[in-house]
Amino acid sequence: MYSHWVDRLLFLSLFLFTLLIFSPAISAQSTGTVSGTVTASDQIEPLPGANVFIKGTAIGTSTDSEGKYVLKNVPSGTQTISFTYLGFESVSEQITVTAGQLNTLDASLKDNFVELQGITVSGIRQGQATALNQQKTAANIKNVVASDLIGRFPDQNVADALRRIPAITIQQDQGEARYVQIRGTNPNLSNVSINGEQIPSPEGDVRFVAMDMIPNDILSSIEVNKAITPDMDGDAIGGSVNLKTLSAPNRQILRLTLAPGYNNNAKDLSAIGGLGSFTYGNRLADGKLGFIFSGSYNRSNRGSNNNEMEYDSGDLEALELRDYELTRERLGTIASIDYQFNSQSKLFLNSAFNYFTDTEYRRRLTIEPDALARELKDRLEKQKIFSLSAGGEHVLSSSWSVDYMGSYSYADQNTPYDRNVAFEQAYEDVLTGDDVEIIEFGGGDPDYPQFMTTTEGALYGTDTYDYDAFEFDEFEESSENTSDQNITGRLNLHKTYGIGDIVGELSFGGLYRTKEKKTTPTIKLYGYDGDFLYSDVQGSFEDDDFLDGKYPNGIGLFPDPDKLEDFFNNNRAAFDAEFEDEDSESDSKSETFSATENTFAGYVMSDFRKGKLSGLAGVRYEATSVEYTANIVEFDDSGDLLPITESNGSKDYNFLLPMVHLTYELTPLTNIRAAWTNTFAKPNYFDLAPYRIINREDQEIELGNPGLDATTSMNFDLMGEYYFNSLGVISAGIFYKKISDFIYITTYDFDESGPYLDYEAVQPVNGNDADLAGFEFNLQQQLTFLPGFASGFGLYANYTYSWSEAELTSEDGDVRTISLPGQAENTGNLALSYEKSGFSGRISLSYAGSFVDEIRESSDDDRIYDEHVQIDFSASQRITPNLTVFLELINLTNEPLRYYNGVTTRPEQQEFYSFWGNAGIKFEL
């Protein structure tokens, strides 16, 4: 099955083995290995990203996430090793290296934060120093955000934290950031991993992960790799987000957080929610056995007001007024255990579990010229992601090392119930049988169109608030189960070498991953045998201030969820008698699919250093085989359902991905970086599924596309960075992506010979080439050079400009130029902070420009995600060395979610959330 590329992998492996055996290297007989741990002297905390170099040579490295380092091929005899770290005093230590032996040298660095005149920094700045040092010493272009900086913004989930990073925009859901877009690309063009291993998506038809389900406070840092390296998964056109969970500490730690929360737009539900977290870790057995456990729980009662509009040729044809009540619960836990035989060998076991529930009541009033409808949606949705990984890292000799990992990841989305009931007012002319237009639209504000009863509507007694005039239309009860499972194995070998004054490390490795994805919805549609009156289920809930009074009469009363459930259960026979079996079966089967993916990957790369120039070059090869099962659902010329048949499809993908990274150290604090990388993104699951939904009566067909090519991209980056010793960075850079075969949904005349020729078809297809370019700027600095009180101020600012152009070719050969979906021209963040005498405060502004959310037949009708400006505030005060109180306020200006249709004066959706926040205490030992 895989013979067409297994031969290539075998050839590549043989080539690498030969290369390693005969690669020039300093003789192991005259060299040894030096390893150890670099820590902060006052807290005994590890210092990841510290520079470790042997003076007078090019031999050097940086410490890992646990502050550990290994120097291989170190000449025997007395050597002086230098340890440097931003925000800390440099240290040099001497060691006598014994040839052929494993030599140990630990280092303890003293921070220079005491120079900052009264600013309490021991807990506040440590993580920031860690992140900046990891970013500075990385071989590739990346942003690293430490947990303490995340904690100083009022962000409670990962997506909210990521929008603070340069060149990242987000899409929101109910006021919270949910989907992440990197450098002007849509969410499907990036990947998300936990501790370096990709996590599956709990959602049904996509590959990307909704990041609002993962809390911040179980993480040690977030890494955004904007230019990947050959040892990383290649499906990262936008970039790769790596969530690093907490690891076992060098000492006992205990942290507690407790905070009630408030949402100003919660109505019938209590507006009070809250969050709590717990972390405990320690190291036992003379420091060999370490463990940590952390858990976080958040409950928020939320509400929103919404209006949505539909247009036909630019004219308003439908208006929806919606009121939402939600309860969201977010649970995250991690556990990590490691056993360190010595500084050069360890085993580890990591696990993470994230659980998210969303209980939603949606009350919707739909106004159309010929109908009024009142609908209630009552839904519970549960998502979870579990990951477990085990592996080891070992130094085998003075020039060889190995690391390996096996992992299991599982995600699912379970919707136990999703109930929708609809009641309607609609009238027909008694003579002609035509629908009667009972409503007309007006008003001068396109954001809040008004509606009124027509003369004909008045004759029929049309009244939006006459509940007895609404007749039962339909009841839907549905559920869904989606699962996504990954099993992965990785192996990496590393060999250091030296050629003259060039030193480096050659690495090669491989990966195998098997994936299974399934989606099984169950949709049941019911009529009712008898009289089902609105009053049977009418509730008393009423939003007295809907959309701040823009609709003076509000939206009225709606069915009550508990009454609806009781009525359904007590009258089941009357519902079953009118069960719509054909529509239920067709709706369920049309969305059912399963997929199996098998991926093999191999890579070879070498990093090197010569004087101030360092670099990394290599190539990655990935091969994926996909097999799908879906259904063909067809209705005959009379609209009756034909027998449903199963459909199968398969697709193979092969990618060869060369990459080069170069870094020139202009000064010890200044880097100039350049990168050339090649990446890809496979189509979303459901886009590839071989499903078909055929309506012969209307001559329409909707279908998947098993032949879709993956989107590929050639990427170029140039970046300059300057790091401040007082903890900060200023950087600027440009990027360019040449993207091929991007995917979009199109409508065309079906051209496949057979009975459906010339049907109107809707299908995902590959587009032509696209160009994406941009500029990004980033500044983080504590203004410690200012005198007295002003020395506590700090500035956090970034700005990104991006541009894209793609061409779509229609059936008749017309070419249309568009911007890529997800690409916002301008994005940025600005935050002013103050930290002194135990106080930390920050007011922040986040801006994202508008971007295309959905490509339609014409640019005049494209769905556009409007610009978004959000202002947040957070503050904390340390009461004792162990106790801190804090306050967090979010969306102070009630910024809405807004979409529009082609032009901003045709809004499609507006959703307002008001403000919300938390206040509480943190305890740390």
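The model is predicted, so local features need pLDDT of at least 70 and side-chain atom pairs count only at pLDDT 80 or more, while totals for chains, interfaces and linings use all residues. Residues are numbered from 1 along each chain as its sequence is written, and side-chain values use heavy atoms, with hydrogens and water left out.

**Exercise 1. Describe the surroundings of Asn-307.**

Step 1: Find the element. Asn-307 belongs to strand E18 (residues 289-312); strands (E, at least two residues) are DSSP runs, numbered from the N terminus.

Step 2: Check the accessibility. The relative accessible area of Asn-307 is 0%, so the residue is buried; buried means under 20%, exposed over 50% and partly exposed in between, with a 1.4 Å probe and protein chains only.

Step 3: Look for a partner of the side chain. The Asn-307 side chain reaches the backbone oxygen of Asp-447 at 2.8 Å.

Step 4: List the contacts (heavy atoms within 4.5 Å). Leaving aside neighbours within four places in sequence, Asn-307 touches several residues, including Leu-319, Asp-447, Tyr-551 and Gln-909.

**Exercise 2. Trace the pairing of strands E16, E17 and E18.**

Step 1: Begin with E16 (residues 253-263), which pairs with E17 (residues 272-284) in the antiparallel sense over ten bridges. Two strands pair if DSSP finds at least two bridges between them.

Step 2: Pick out a bridge. Ala-259 has Leu-275 in E17 as its bridge partner.

Step 3: Go on to E18. E17 and E18 are antiparallel as well, over eleven bridges, and Tyr-280 stands opposite Phe-293 in E18.

Step 4: Inspect the turn. Four residues lie between E17 and E18 in this hairpin, and Ala-285 in the turn has a positive phi of about 55°.

**Exercise 3. Which strands stand at the edges of the open sheet of five strands, and why does each have a side without a neighbour?**

Step 1: Write down the order. The sheet runs E9-E14-E15-E12-E13, with mixed pairing.

Step 2: Take the ends. E9 (142-146) and E13 (197-198) are the edge strands; each has a single partner strand, so one side of each lacks a neighbour in the sheet.

Step 3: Look at one pair inside that order. E12 (residues 190-194) and E15 (residues 239-245) are parallel over five bridges, with Ser-193 opposite Asn-242 in E15.

**Exercise 4. Characterise the largest cavity.**

Step 1: On a 1 Å grid over the protein atoms alone, a cavity is a set of points where a 1.4 Å probe fits but cannot get out; lining residues have an atom within 4 Å of a point. Grid points are joined across faces, edges and corners, and the volume is the space filled by probe spheres set on the points.

Step 2: Get the volume. There are 13 cavities of 30 Å³ or more, and the largest has about 300 Å³.

Step 3: Find the lining. It holds 22 residues, and those nearest the centre are Asn-191, Gln-198, Arg-207, Asp-235 and Lys-682. E12 supplies the largest share, three residues.

Step 4: Sort the lining by type. Seven residues are nonpolar, seven polar and eight charged. Ala, Val, Leu, Ile, Met, Phe, Trp, Tyr, Cys and Pro count as nonpolar, Asp, Glu, Lys and Arg as charged, and the others, Gly among them, as polar.

Methods. A polar contact is a pair of N or O atoms within 3.5 Å; within protein, one must be able to donate a hydrogen and the other to accept it, and residues adjacent in sequence count only if both atoms are side-chain atoms. On a 1 Å grid over the protein atoms alone, a cavity is a set of points where a 1.4 Å probe fits but cannot get out, and a pocket is an open set with protein on both sides within 12 Å along at least five of seven lines; lining residues have an atom within 4 Å of a point.
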